[in-house]
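Please walk through this protein with the sequence and the model side by side.

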Amino acid sequence: MICQSAYDTDILDLDSAARALDQMKKDIIFYKRAYEDNSQEPMWHYMLEYFVTHYTQLAISITHNDILDPRIKYSIRLYCYGTLGMTREWVLDDNITPARTAAAMMYDAMPESLKNIYFKKKEKSY
């Protein structure tokens, strides 16, 4: 269920991310249990690796560069770790913040170096 939700979410689309968070709220008992798991290999660890890999592959595809700058790789990992941690807090503790607001705050927190890659506006060619 968790993996399918991740695969179905366009991580760079605010509406898609908000829908995913809304779905998490609908299945709140399941997600609370999943995020409370502190076993040797908790669910969030798998999610972290999935999102880091996904963002990395996307950056490689957009930049047409097989090797990313170490600072970009670090920013990807830091952003994924932070958003996953904040999603966990939102699921476990926050019953007030709407999903769209939470997703927007995560996008706002993205490092500029990543925004420049993922949301770079296409320049017009005349």
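What follows takes the helices in turn and then looks at particular positions.

This is a predicted model. The protein chain has 7 helices and 0 strands. Read from the N terminus, the elements run α-α-α-α-α-α-α. The chain holds 126 residues, and 37% of them count as buried. Among contacts with a separation of 6 or more, 74% join residues 24 or more positions apart.

Start with H4 and H5. Helix H4 covers residues 43-63. Helix H5 covers 70-93. The two pack at an angle of about 140°, and their axes are 9 Å apart. An angle over 145 degrees would count as roughly antiparallel. H4 is therefore oblique to H5. The crossing of H4 past H5 is right-handed. On the H4 side, the contact uses Trp44, Met47, Leu48, Glu49, Phe51, Val52, Tyr55, Thr56 and Ala59. On the H5 side, these meet Ile76, Arg77, Tyr79, Cys80, Tyr81 and Leu84. By class, the contact has 12 nonpolar residues, 1 polar and 2 charged.

Next, turn to H3, which spans residues 28-36. H3 also packs on H5. Their axes come within 9 Å and cross at roughly 125°. That angle makes H3 oblique to H5. Here the crossing is left-handed. H3 contributes Ile28, Tyr31, Lys32, Tyr35 and Glu36. H5 answers with Leu84, Thr87, Arg88, Val91 and Leu92. This contact divides into 6 nonpolar residues, 1 polar and 3 charged.

Lys32 sits in H3. Beyond its neighbours within four places in sequence, Lys32 is in contact with Val91 and Leu92. The C-alpha atoms of Lys32 and Arg88 are separated by 8.2 Å. Along the chain, those two residues are 56 residues apart.

H3 has another partner, H2. Helix H2 runs over 14-26. H2 and H3 pack at about 95°, with axes 5 Å apart. H2 is therefore roughly perpendicular to H3. Met24, Lys25 and Lys26 of H2 meet Ile28, Tyr31 and Tyr35 of H3. The tally for this contact is 4 nonpolar, no polar and 2 charged.

Now take Thr87, placed in helix H5. Which residues does Thr87 touch, not counting those up to four places away in sequence? They are Leu21, Met24, Tyr35 and Met106. Thr87 has a relative accessible area of 9%, so it is buried.

Met106 leads on to H6. Helix H6 comprises residues 99-108. The buried residues of H6 are Ala99, Ala102, Ala103, Met106 and Tyr107. Viewed down the H6 axis, they fall within an arc of 140°, so they line one face of the helix.

Key: Residues numbered from 1 in each chain as written. Predicted model: local features only at pLDDT ≥ 70, side-chain atom pairs only at ≥ 80, totals over all residues. Heavy atoms only, no water. Buried < 20%, exposed > 50% of the residue type's maximum accessible area, 1.4 Å probe, protein only. Helix = DSSP H or I, 4+ residues; strand = E, 2+ residues; numbered from the N terminus. Arc of directions from axis to C-beta. Contact = heavy atoms within 4.5 Å. Axes fitted to C-alpha atoms, helices over the stretch in contact; angles between N-to-C directions. Parallel < 35°, antiparallel > 145°, perpendicular 65-115°, else oblique. Nonpolar A, V, L, I, M, F, W, Y, C, P; charged D, E, K, R; others polar. Left-handed = near helix turned anticlockwise from the far one by under 90°.
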